[in-house]
Amino acid sequence: MRVFSGIQATGEKHIGNYIGAMRNYAATQDEGDADFCIVDLHSITVDYDPQDLHDRTLDLAALLYAVGLEPDRCTLFLQSHVSGHAEAAWLLSAVTGFGQLGRMTQFKEKGEGKEFVSAGLFTYPVLMAGDILLYQTDIVPVGDDQRQHIELARDLAERFNSRYGELFKVPRGVFPEIGARIMDLQEPTNKMSTTGGTQQGTVLVLDPPDVIRRKFKTAVTDSGREVRYLPDEKPGVSNLIEIFSVATSMPIADVEAAYDGRGYGDLKGDVGEAVVELFRPVQEKYAELRPDEGELRRRLHVGAEKARETSAPTLEAMYRRMGFVRP
Ligand code: AQP
């Protein structure tokens, strides 16, 4: 089985990215051949700072190794190091409907109210489809916000296969049972997000322990006192229950039982503490890995070589099926 997932290089990674995606990369790397990609080409589709992109890319590589990706158990690489990704996106644009892209909610949300909306933001899902399809991927571990993009990738695979002959595997998204959509702690009806969230409501994987505790202490909860998992009626407390359940491996029903009659205050304090403990080993490992840029670059270089080798036959087959004269 082949596993593939991509993660953006911009912004600091938050607990939503960790629970919805990163920890599942680590968990799936032994389920088959796993390729994980820092999708730096995606990062230029919104306003960004070049120096920031450069530094964040290396930060993210160190963080991914720190959460448990191991160079001999999976392939981690930078999208821009494997030129086939940009090529595949162009080729796949031939089977992508303009209207289809216009229906992408992420495009609408990220473009809304902006003075400048890049063409890249519109075509981004095609690049993402190419990322996945080039690796003949079976499963894609992602958070809930990526459902529509995965659907598009499946659709493009099927359209290409029927127009040019069977080539791509049709991938399946795999979403965590708990924590597929972690919400902003200050605005619990909105997804925790790098670009759209509140600062106080976004818990970063690398936040110092006291900052993590404070963010949970000041989390917005709902009216009433009962600690019950009811996402529609009690989005704030349900979000805290999900985070606590993931951080402690306690089933949701047991969390509810443990806090029966105790009110929200205790829960907020305990979630903060559980998250501090969850991130402690990650932060320690990150502090060890990040300063050695030479080693990070070496690992990414090896990863890119492996990724090129894996993806090249599919890219070549795409060109040939589509009628290009090859050198
Ligand atoms: N709130 C979330 N809950 C669960 N999973 C989430 N993911 C993102 N937010 C949540 C998952 O994280 C992975 C990486 O996402 P990305 O590459 O889009 O990185 P990002 O830009 O840092 O993610 P954000 O925070 O979602 O940024 P915005 O909102 O600015 O686009 C994906 O698997 C995603 O599902």
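Domain 1 and domain 2 bury about 1,000 Å² between them, and 81% of that lies on carbon and sulfur atoms. Buried area here is the accessible area (1.4 Å probe) that two parts lose on being put together, summed over both. The model is predicted: local features need pLDDT of at least 70, side-chain atom pairs count only at pLDDT 80 or more, and totals for chains, interfaces and linings use all residues. Residues are numbered from 1 along each chain as its sequence is written, and side-chain values use heavy atoms, with hydrogens and water left out.

Domain 1 covers 2-179 + 292-321, and domain 2 covers 209-287; these bounds come from an automatic or database domain assignment. Taken over C-alpha atoms, the centres of domain 1 and domain 2 are 30 Å apart. Eleven residues of domain 1 are in contact with eleven residues of domain 2, where contact means heavy atoms within 4.5 Å.

Across the interface of domain 1 and domain 2, the rule finds two residue pairs in polar contact, both at pLDDT 80 or more. A polar contact is a pair of N or O atoms within 3.5 Å; within protein, one must be able to donate a hydrogen and the other to accept it, and residues adjacent in sequence count only if both atoms are side-chain atoms. The same interface has zero salt bridges, a salt bridge being a side-chain nitrogen of Lys or Arg within 4 Å of a carboxyl oxygen of Asp or Glu.

The structure as a whole holds 28 salt bridges. One of them joins the side chains of Arg2 and Asp35, at 2.9 Å from N to O. Side chains of opposite charge can pair when their charged atoms come close.

The ligand has 22 residues around it, and His14, Lys110, Asp145, Lys191 and Thr195 come nearest; a residue counts if one of its heavy atoms lies within 4 Å. In the side chain of His14, an N or O atom is 2.6 Å from an oxygen atom of the ligand. The backbone also takes part: an N or O atom of Ile182 lies 2.8 Å from a nitrogen atom of the ligand. For a backbone N or O atom of Met192, the distance to a nitrogen atom of the ligand is 2.9 Å.
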